[in-house]
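Welcome! Here is a colleague's note to read alongside the structure, point by point.

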Amino acid sequence: MSQDFDFSQDTEFKKLLDWRTDVDLTVAALELARDAYPNLDFSVTQNWIEERADEVRGGVARASNEHDALELVAKHLSVTHGIVGEAAAYKDPEASYLNRIIENKFGIPISLTLLHVAVCQKVGIDLQPIGSPRHFLSRIETTAGPLFLDAFAGSRILTEAAAIEWLETLTHMPRREIVRNLVPVAPRSIIHRMLNNLKVIYADRERWEATWKIQSRLTALNPSDYAERRDLAVVAVKSQRCGAAIRLIKSLLQSCPEEDREALEGQLKLAERDIPLWN
């Protein structure tokens, strides 16, 4: 699969492929954005983050406690700079890309969280992204207990009890399951979640070239996962990569579940039918 999609420019994504955790999440997120914007200049977004950190550094240093310091940064991004969450963002791929969030002023919970984490960490606030179900949050430890930041909903700050109660209402999941997920997550899990979000959006829009890039990354992260390899094969057909599709489907047919065989054979026929048109 690696011969079909080139990750050679992606220093941080390649770390994820090696299961490393010393990953710069801002750069990793920008590497995903570069798939959509090939000429993307990472320094523009990185400088924006540095500038926001410079604007709040003095106030953070003077804050009387962790809550006030976090609130200062959160309100600076959401109110002063207007970086907010919008319901429509869930169906917009640009809401996942940090460079476009800064320009468009809206995003989804996970991408907004990454911006907040990036600014906070530059001013000494150890804000950590957490894998909360359905709605991404971040967390800091304080002397009074953990605090949770919802970067999507006006950068509101929640106590642990309030976060659990709200997530129970939102997800209808058991309390113990919610508590289990209110912990920091590895960069690999974050990027995987971002990719899955983008995969759904691009596939719904039938933007198969973009979906191919996303699915290539998901398959690279999970090369032994049958479902990811199957989806890559299907997207290869839809994006008119007939040679890759034929190779992938023939490999899958050797060990696929019986209930998938007919569908895969149908996709193989489509690829073999169309290959003269695209070679």
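How far is the sulfur of Cys256 from the closest cysteine sulfur? The points below take that up after a word on how to read the model.

1. **Reading the model.** This is a predicted model, in which local features need pLDDT of at least 70 and side-chain atom pairs count only at pLDDT 80 or more, while totals for chains, interfaces and linings use all residues. Residues are numbered from 1 along each chain as its sequence is written, and side-chain values use heavy atoms, with hydrogens and water left out.

2. **The cysteine question.** The closest cysteine sulfur to that of Cys256 is in Cys242, and at 20 Å it is too far for a bond. A disulfide here is a pair of cysteine sulfur atoms within 2.5 Å. By this rule the count comes to zero disulfides. Cys242 is accordingly in no disulfide, with its nearest cysteine sulfur, that of Cys256, 20 Å away. Cys242 is buried at a relative accessible area of 4%, and Cys256 is buried too, at 8%. (Buried means under 20% relative accessible area, exposed over 50%, and partly exposed in between, using a 1.4 Å probe and protein chains only.)

3. Helices (H or I, at least four residues) and strands (E, at least two) are DSSP runs, numbered from the N terminus.

4. **The chain as a whole.** You will find 13 helices and six strands in the protein chain. Its radius of gyration is 21 Å, which agrees with the value near 19 Å that a compact globule of 279 residues would have. This radius is taken over C-alpha atoms, and the globule rule is 2.2 Å times the number of residues to the power 0.38. Along the principal axes, the C-alpha atoms fill a box of roughly 70 × 45 × 35 Å. Of the 279 residues, 50% count as buried.

5. Ala74 is buried at 1% relative accessibility, and Ser78 is buried at 8%. Leaving out residues up to four places away in sequence, Ala74 touches His116, Leu149 and Ser155, whereas Ser78 touches Ile83, Val84, Gly154 and Ser155. Contact means heavy atoms within 4.5 Å. The C-alpha atoms of Ala74 and Ser155 are separated by 5.4 Å, although these residues are 81 apart along the chain.

6. Most residues other than glycine have a negative phi. Which way does the phi of Trp19 go, positive or negative? Trp19 has a positive phi of about 60°, and Arg134 has a positive one of about 70°. Trp19 sits in the loop between α1 (11-17) and α2 (25-36), and is exposed at a relative accessible area of 63%. Arg134 is in the loop between β3 (128-130) and β4 (137-140), and is exposed at 58%. Trp19 and Ala220 are 201 residues apart in sequence and 12 Å apart in space, C-alpha to C-alpha.
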